[in-house]
Amino acid sequence: MKGMQQFGQMLRELREQRGLTQEDLAGLIERSVQAVSAMERGQNMPRLETLIRISEKIDIPLDELVKIFDQSNSSNQERTPLEITIIDAARHLSLRDLKILSNIAKSFPKEK
């Protein structure tokens with residue numbers, strides 16, 4: 001829960017720094033004002049699709065948005081940029097290739 005509240009505070013600060021209202025941001029990311037408000041209050045965890053839209057529309061690297069959720073993980077500094085690269089690359093794949101990549105990713109053992 002703490003990460004969600006920190007994310008919400010960060011989102012509000014970023015929005016205000018850019019001179020946007022909640023209505024403005026909601027329109028940019030194609031979400032409701034209520035959804036933006038809930039995110040800023042730390043009551044709602046945004047989906048990856050929403051995080052990507054926020055990143056693109058307010059011009060902040062996606063890893064800056066998500067790192068707040070995994071600050072305790074010391075490997076985060078190495079892991080997050082790799083995850084972001086994979087996510088970004090996946091957005092440009094055909095559905096066929098995305099399915100192949102998904103099957104490959106599922107074949108790896110889970111890290112403990």
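Biologist: Why is K2 called exposed?

Modeller: In this predicted model, K2 has a relative accessible area of 61%, and since exposed means over 50%, K2 is counted as exposed. This residue is found in helix α1, which covers residues 2–17. K2 also lies 9.5 Å from I68, C-alpha to C-alpha, although 66 residues separate the two in sequence.

Biologist: How do you know that M10 is buried?

Modeller: The relative accessible area of M10 is 18%, and buried means under 20%, so M10 falls on the buried side of the cut-off. M10 has its place in helix α1, and, not counting residues up to four places away in sequence, M10 touches E64 and L65.

Biologist: Why are α2 and α3 called roughly perpendicular to each other?

Modeller: Helix α2 (residues 22–29) and helix α3 (residues 33–40) pack at an angle of about 110 degrees, with their axes 8 Å apart. Angles of 65 to 115 degrees count as roughly perpendicular, and α2 and α3 are therefore described as roughly perpendicular to each other. On the α2 side the contact is made by Q22, E23, L25, A26 and I29, and on the α3 side by V33, V36, S37, M39 and E40. By residue class, this contact of α2 with α3 divides into six nonpolar, two polar and two charged residues.

Biologist: How do you know that the buried residues of α2 line one face of the helix?

Modeller: The buried residues of α2 are Q22, L25, A26 and I29. Seen down the axis of α2, these residues fall within an arc of 100 degrees, so they line one face of the helix. What covers the buried residues of α2 includes α1, α3 and α4. After α2 comes E30, whose phi is positive, near 60 degrees.

Biologist: What makes a set of residues a nonpolar core, and which residues have the most contacts inside the largest one?

Modeller: A nonpolar core is made of buried nonpolar residues, such as Phe, Ile and Leu, joined through side-chain atoms within 4.5 Å. The largest nonpolar core here has 19 residues, and those with the most contacts inside it are F7, I54, I58 and L65. Elements that give two or more residues to this core are α1, α2, α3, α4 (48–57) and α5 (62–66), and α1 gives the most, with four residues. For I54, leaving aside its neighbours within four places in sequence, the contacts are F7, L11, I29, M39, D59, I60 and L65. In soluble globular proteins, nonpolar side chains tend to be buried together.

Methods
Residues numbered from 1 in each chain as written. Predicted model: local features only at pLDDT ≥ 70, side-chain atom pairs only at ≥ 80, totals over all residues. Heavy atoms only, no water. Axes fitted to C-alpha atoms, helices over the stretch in contact; angles between N-to-C directions. Parallel < 35°, antiparallel > 145°, perpendicular 65-115°, else oblique. Contact = heavy atoms within 4.5 Å. Nonpolar A, V, L, I, M, F, W, Y, C, P; charged D, E, K, R; others polar. Buried < 20%, exposed > 50% of the residue type's maximum accessible area, 1.4 Å probe, protein only. Arc of directions from axis to C-beta.
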